[in-house]
Amino acid sequence: MNLSEADQDFLRDLVKTSRQRSHNVSWTDRDGTARTTTLTPAEASRLNAVAHTLGVSKDAALRQSTFWPAKKASPVAPAASATP
């Protein structure tokens, strides 16, 4: 295969992720919509730790987070001028 190293790494990561067992968490959004979030094992572990810290279930932790304001995107620096 004639692919760049970055493309090969990308494909390896996709294969690795697809071989992992995903974890589905069902929860209810703040507007009452039923949702299911699919997590990688690492994400599931972190969500378990966060929920444990908060003293709530995983679905309750996700629901609580819907009330937090969205994170503002960092401003993008203007591109440098090509002319000297």
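Me: Leaving aside its neighbours within four places in sequence, which residues is L47 in contact with?

Reply: Please note that the model is predicted. In this model L47 is in contact with V25, L39, K58, A61 and L62, once the neighbours within four places in sequence are left aside.

Me: Which residues make up the largest nonpolar core?

Reply: In soluble globular proteins, nonpolar side chains tend to be buried together. Here the largest nonpolar core has 8 residues: V25, W27, L39, A44, L47, A51, A61 and L62. Two or more of these residues come from each of the elements β1, α2 (41-54) and α3 (58-65). The largest share, 3 residues, is supplied by α2.

Me: How many helices and strands does the chain have, and in what pattern do they follow one another?

Reply: There are 3 helices and 2 strands. Read along the sequence, they give the pattern α-β-β-α-α. Of the 84 residues in the chain, 12% count as buried.

Me: How do strands β1 and β2 run relative to each other, parallel or antiparallel?

Reply: Strand β1 (residues 23-28) and β2 run antiparallel, joined by 6 bridges. As an example of the pairing, W27 stands opposite R35 in β2. The two strands form a hairpin with 5 residues between them, and G32 in the turn has a positive phi of about 95°.

Me: In a strand, where do the side chains point?

Reply: In a regular strand the side chains alternate between the two faces of the sheet. Apart from neighbours within four places in sequence, T38 is in contact with S22, H23, N24 and E43. With N24 the contact includes a polar one between the two side chains, at 2.8 Å. The C-alpha atoms of T38 and V25 are separated by 6.5 Å, although these residues are 13 residues apart along the chain.

Me: Which residue forms a salt bridge with R35?

Reply: Side chains of opposite charge can pair when their charged atoms come close. R35 forms a salt bridge with D29, and the closest N and O atoms are 2.8 Å apart. D29 is found in the loop between β1 and β2.

Me: Is D29 buried or exposed?

Reply: D29 counts as buried because its relative accessible area is 12%, and buried means under 20%. R35, by contrast, counts as partly exposed, at 35% relative accessibility. Beyond its neighbours within four places in sequence, D29 is in contact with R35, R63 and T66.

Me: Where is T66 found, and what does it touch?

Reply: T66 is found in the segment after α3. Not counting residues up to four places away in sequence, T66 touches W27, D29 and R30. T66 is also buried, with a relative accessible area of 15%.

Me: How many salt bridges does the structure hold?

Reply: The structure holds 3 salt bridges. Besides the pair formed by R35 and D29, salt bridges that share partners join E5, D9 and R12 into one network. The side chains of E5 and R12 meet at 3.8 Å, N to O. Between R12 and D9, the closest N and O atoms are 2.7 Å apart. R12 and D9 both lie in helix α1 (residues 5-19), 3 residues apart, which is about one turn of the helix.

Me: What are the relative accessibilities of R12 and D9?

Reply: R12 is partly exposed, with a relative accessible area of 46%. D9 likewise counts as partly exposed, at 35%.

Definitions and conventions
Residues numbered from 1 in each chain as written. Predicted model: local features only at pLDDT ≥ 70, side-chain atom pairs only at ≥ 80, totals over all residues. Heavy atoms only, no water. Contact = heavy atoms within 4.5 Å. Polar contact = N/O pair within 3.5 Å; in protein donor to acceptor, adjacent residues only side chain to side chain. Pairing = 2+ DSSP bridges. Helix = DSSP H or I, 4+ residues; strand = E, 2+ residues; numbered from the N terminus. Buried < 20%, exposed > 50% of the residue type's maximum accessible area, 1.4 Å probe, protein only. Core = buried A, V, L, I, M, F, W, Y, C linked by side-chain atoms within 4.5 Å. Salt bridge = Lys/Arg side-chain N within 4 Å of Asp/Glu carboxyl O.
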